[in-house]
Amino acid sequence: MNEFKACGIVLCALIVCIVFKNIKSEYSLFVRLLITVSVFCVSLSIFYPVLKYIEDISKGTSIYQFIPILFKALGIAFAVQMTADICRDAQENSLAERICFFGKAEIIVISLPLIKNMFQLCETLIN
């Protein structure tokens with residue numbers, strides 16, 4: 001049921017944005033930014049039980065050491081996507097592309113332990 005509420009709120013915000021765009025276009029941008037951040041925060045609260053469940057079922061397994069890396073990468077991806085969407089709403093596509101590039105680079109950097117483990121596993125399999 002939450003998805004219908006979220007869709008209703010976003011559609012109402014869309015109507016407000018359209019009305020403000022004709023009256024005062026700068027207000028339209030603030031409404032879009034407010035709704036984007038609000039939906040992002042609500043989405044994070046929805047994901048918490050899922051992340052907790054993944055952590056609980058992975059305890060005691062060999063992949064448990066990689067769960068924090070997965071969560072960090074997921075958090076970076078969400079934050080970067082929200083920031084890029086805000087930049088696109090503000091008609092700053094080049095900034096959106098730069099923050100996406102930064103996010104991808106950051107995910108690669110925090111994934112280096114996984115990459116190292118993968119290469120060690122491949123070496124073990126080859127030998």
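Me: Which residues form a nonpolar patch on the surface?

Reply: Before anything else, please keep in mind that this is a predicted model. In it, Leu11, Leu14 and Ile18 form the nonpolar patch on the surface, and together they have about 290 Å² of accessible area.

Me: Where is Leu14 found, and is Leu14 buried or exposed, or in between?

Reply: Leu14 is found in helix α1, which covers residues 2-23.

Me: Switching to charges, how many salt bridges does the structure hold?

Reply: The structure holds 3 salt bridges.

Me: Let's take Lys52, then: which residue does Lys52 form a salt bridge with?

Reply: Lys52 forms a salt bridge with Asp56, and the closest N and O atoms of the pair are 3.9 Å apart. Both residues lie in helix α2, which spans residues 25-58, and they are 4 residues apart, about one turn of the helix.

Me: Are Lys52 and Asp56 buried, exposed or partly exposed?

Reply: Lys52 counts as partly exposed because its relative accessibility is 35%, and Asp56 counts as partly exposed as well, at 40%.

Me: Which residues are linked in a network of salt bridges?

Reply: That network links Asp85, Arg88 and Glu97. Arg88 forms a salt bridge with Asp85, where the closest N and O atoms are 3.5 Å apart, and Glu97 forms a salt bridge with Arg88, where the closest N and O atoms are 3.2 Å apart.

Me: Why are Arg88 and Asp85 separated by about one helical turn?

Reply: They are 3 residues apart in helix α3, which runs over residues 67-89, and so about one helical turn separates them.

Me: OK, on to the inside: which residues are in the largest nonpolar core?

Reply: The largest nonpolar core has 8 residues, namely Ala73, Ile76, Val80, Ala84, Cys87, Ala96, Cys100 and Ile110. The elements that give two or more residues to this core are α3 and α4, the latter covering residues 93-110, and α3 gives the most, with 5 residues.

Me: What does Ala73 touch?

Reply: Not counting residues up to four places away in sequence, Ala73 touches Ile107 and Ile110, and Ile110 is also listed in the core.

Me: Now Ser58, is that one buried or exposed?

Reply: Ser58, which lies in helix α2, is buried, because its relative accessible area is 4%, under the 20% limit for that class. Leaving aside neighbours within four places in sequence, Ser58 is in contact with Ile63, Tyr64 and Ile67.

Me: Which backbone oxygen lies 3.1 Å from a polar atom of the Ser58 side chain?

Reply: Two residues can be named here: the backbone oxygen of Ile54 lies 3.1 Å from a polar atom of the Ser58 side chain, and the backbone oxygen of Glu55 also lies 3.1 Å from a polar atom of that side chain.

Me: Last one, where is Phe119 found, and is it buried or exposed?

Reply: Phe119 is found in helix α5, residues 112-126, and counts as exposed because its relative accessibility is 55%. The C-alpha atoms of Phe119 and Cys87 are separated by 37 Å, the two residues being 32 residues apart along the chain.

Conventions. Residues numbered from 1 in each chain as written. Predicted model: local features only at pLDDT ≥ 70, side-chain atom pairs only at ≥ 80, totals over all residues. Heavy atoms only, no water. Salt bridge = Lys/Arg side-chain N within 4 Å of Asp/Glu carboxyl O. Buried < 20%, exposed > 50% of the residue type's maximum accessible area, 1.4 Å probe, protein only. Patch = residues over 30% accessible without salt bridge, like charges linked within 9 Å, V, L, I, M, F, W, Y side chains within 5 Å. Areas by Shrake-Rupley, 256 points an atom, 1.4 Å probe, with all protein chains shown as cover. Core = buried A, V, L, I, M, F, W, Y, C linked by side-chain atoms within 4.5 Å. Contact = heavy atoms within 4.5 Å. Polar contact = N/O pair within 3.5 Å; in protein donor to acceptor, adjacent residues only side chain to side chain.
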